[in-house]
Amino acid sequence: MKFTVSTKDSLVQSDIGILYVVCFTLEGKELIKIGVTTRKIEDRVSEILVSIFKKYREFPYCRPKKFKKTYDIFHKEAILHEYFKNYSYITEKKFSGSTEFFDVPLCKVVEAYENLLEGKALSESRQE
């Protein structure tokens, strides 16, 4: 849901934040997390890593690949989740942030992410 506040000069959208793509090596796989935050990306990624450590007793390889501030973050996140739903991955252990993981090549997610933020179709070719 998007809320807007009218001001003298413009419309201010309240669902502004960071839409992010982070690559993790976990459970012997390269997994991609697609999420949103209204905090600094460093804070969100640190929170996820600590949560993983509490369950697995290890810190996985982690690479924040894309993280841009944008508007309508929840809608954009939902679009990407729906687009990659066939690649959804359920981790063996539940932790804070354990949802929203996908077992899909990073390059495919980056392409869709960039296209979405540029207002283009997510991909030139249809997904299988």
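Me: Which residues in α1 are buried?
Reply: In this predicted model, the buried residues of α1 are Ile41, Arg44, Val45, Ile48, Leu49, Ser51, Ile52 and Tyr56.

Me: How far apart are the end C-alpha atoms of α1?
Reply: They are 22 Å apart. Helix α1 has 16 residues, 41-56, which should span 22 Å at 1.5 Å a residue, so the two values agree.

Me: What happens just after α1?
Reply: Arg57 takes a positive phi of about 60° there.

Me: Changing topic. How many residues are in the largest nonpolar core?
Reply: It has 18 residues, and Ile32, Ile34, Leu80, Phe84 and Val109 have the most contacts inside it. At least two residues each come from β3 (17-26), β4 (29-37), α2 (73-83) and α3 (106-117). The largest share, 6 residues, is supplied by α3.

Me: What does Val109 touch?
Reply: Leaving aside residues up to four places away in sequence, Val109 touches Val21, Ile32, Ile34, Phe84 and Val104.

Me: Which residues does the second core include?
Reply: That separate core of 16 residues includes Phe24, Ile41, Tyr56 and Phe101. Ile41 and Tyr56 are also among the buried residues of α1.

Terms used. Residues numbered from 1 in each chain as written. Predicted model: local features only at pLDDT ≥ 70, side-chain atom pairs only at ≥ 80, totals over all residues. Heavy atoms only, no water. Core = buried A, V, L, I, M, F, W, Y, C linked by side-chain atoms within 4.5 Å. Buried < 20%, exposed > 50% of the residue type's maximum accessible area, 1.4 Å probe, protein only. Helix = DSSP H or I, 4+ residues; strand = E, 2+ residues; numbered from the N terminus. Contact = heavy atoms within 4.5 Å. Expected span 1.5 Å × (residues − 1).
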